[in-house]
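Please go through the fold of this chain, from its overall make-up down to single residues. The sequence and the model come first.

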Amino acid sequence: MKKLKIKKQFLKYTASSFISSVAEEGVFLLSAWLLSGRLSDAAVALLPMVIARMVSNVINFYINQKLVFRSQRSIGVAFVRYMLQALPVAVLQLLLTTGIYALFSIGEEQVALRGVIYAGVMTALFVVSYIMQKLWVFKATENAEKRVKV
């Protein structure tokens with residue numbers, strides 16, 4: 001029965017991530033469109049990505065806290081913990097993908113191979129992030145566990 005609960009939770013986590021990804025893509029496209037021609041090319045390349053990731057993180061945090069893990073932890077503490085795990089995961093994604101590209105001399109023209117590597121890295125980090133959120137970010141506090149058992 002516990003395996004079924006974990007599988008159901010992981011499916012909810014996957015759905016939450018999908019919803020966040022769709023929102024991130026939409027915010028990215030809208031931001032890029034709104035900022036295009038108003039800022040430098042470098043700013044238009046970076047700013048929509050940052051805005052979209054921030055919005056996506058907030059959506060993902062809220063869905064995971066309320067629906068996936070049903071956490072009783074205070075929102076402030078949980079959000080700080082969420083960001084403390086999300087930021088290093090994003091940096092790790094960048095380091096791993098660019099590191100693998102460099103290690104194996106995979107050039108920009110090898111788009112399909114880069115995509116496969118990116119997907120592999122993201123899949124591994126997806127699982128790592130799930131475990132971190134389950135065991136640390138949204139883990140029930142002792143007081144919350146006692147309230148549930150009473």
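In this predicted model, residues 24 or more positions apart account for 68% of the contacts in the protein chain with a separation of 6 or more. The secondary structure consists of 5 helices and 0 strands, and the order of elements from the N terminus is α-α-α-α-α. The C-alpha trace spans about 60 × 40 × 20 Å along its principal axes. Of the 150 residues in the protein chain, 28% are buried.

The packing of the helices can be taken pair by pair. Two packed helices are described by the angle between their axes and the distance between the axes. For α1 and α2, the axes come within 8 Å and cross at roughly 155 degrees. An angle over 145 degrees counts as roughly antiparallel, so α1 is roughly antiparallel to α2. The crossing of this pair is right-handed. Sorted by class, the residues in the contact of α1 with α2 are 18 nonpolar, 8 polar and 3 charged.

The next pair is α2 and α3. Helix α2 covers residues 41-68 and helix α3 covers residues 75-103; their axes come within 11 Å and cross at roughly 130 degrees. The two helices are therefore oblique to each other. Here too the crossing is described as right-handed, with α2 passing α3. On the α2 side the contact is made by Arg53, Asn57, Val58, Asn60, Phe61, Gln65 and Lys66, and on the α3 side by Ile75, Ala78, Phe79, Tyr82, Met83, Ala86, Ala90 and Gln93. By class, these residues divide into 9 nonpolar, 4 polar and 2 charged.

Asn60 lies in helix α2 and has a relative accessibility of 7%, so Asn60 counts as buried. What does Asn60 touch, leaving aside its neighbours within four places in sequence? The contacts of Asn60 are Ser16, Ser17, Ser20, Tyr82 and Gln133.

Side chains of opposite charge can pair when their charged atoms come close. The salt-bridge count comes to 1: the side chains of Glu24 and Arg53 meet at 3.1 Å, N to O.

Arg70 sits in the loop between α2 and α3, and its phi is near 50 degrees, a positive value in a residue other than glycine. With a relative accessible area of 57%, Arg70 is exposed. Ser105 lies in the loop between α3 and α4 (111-137). The phi of Ser105 is likewise near 50 degrees, a positive value in a residue other than glycine. Ser105 is exposed, with a relative accessible area of 62%.

How values were computed:
Residues numbered from 1 in each chain as written. Predicted model: local features only at pLDDT ≥ 70, side-chain atom pairs only at ≥ 80, totals over all residues. Heavy atoms only, no water. Axes fitted to C-alpha atoms, helices over the stretch in contact; angles between N-to-C directions. Helix = DSSP H or I, 4+ residues; strand = E, 2+ residues; numbered from the N terminus. Parallel < 35°, antiparallel > 145°, perpendicular 65-115°, else oblique. Left-handed = near helix turned anticlockwise from the far one by under 90°. Contact = heavy atoms within 4.5 Å. Nonpolar A, V, L, I, M, F, W, Y, C, P; charged D, E, K, R; others polar. Buried < 20%, exposed > 50% of the residue type's maximum accessible area, 1.4 Å probe, protein only. Salt bridge = Lys/Arg side-chain N within 4 Å of Asp/Glu carboxyl O.
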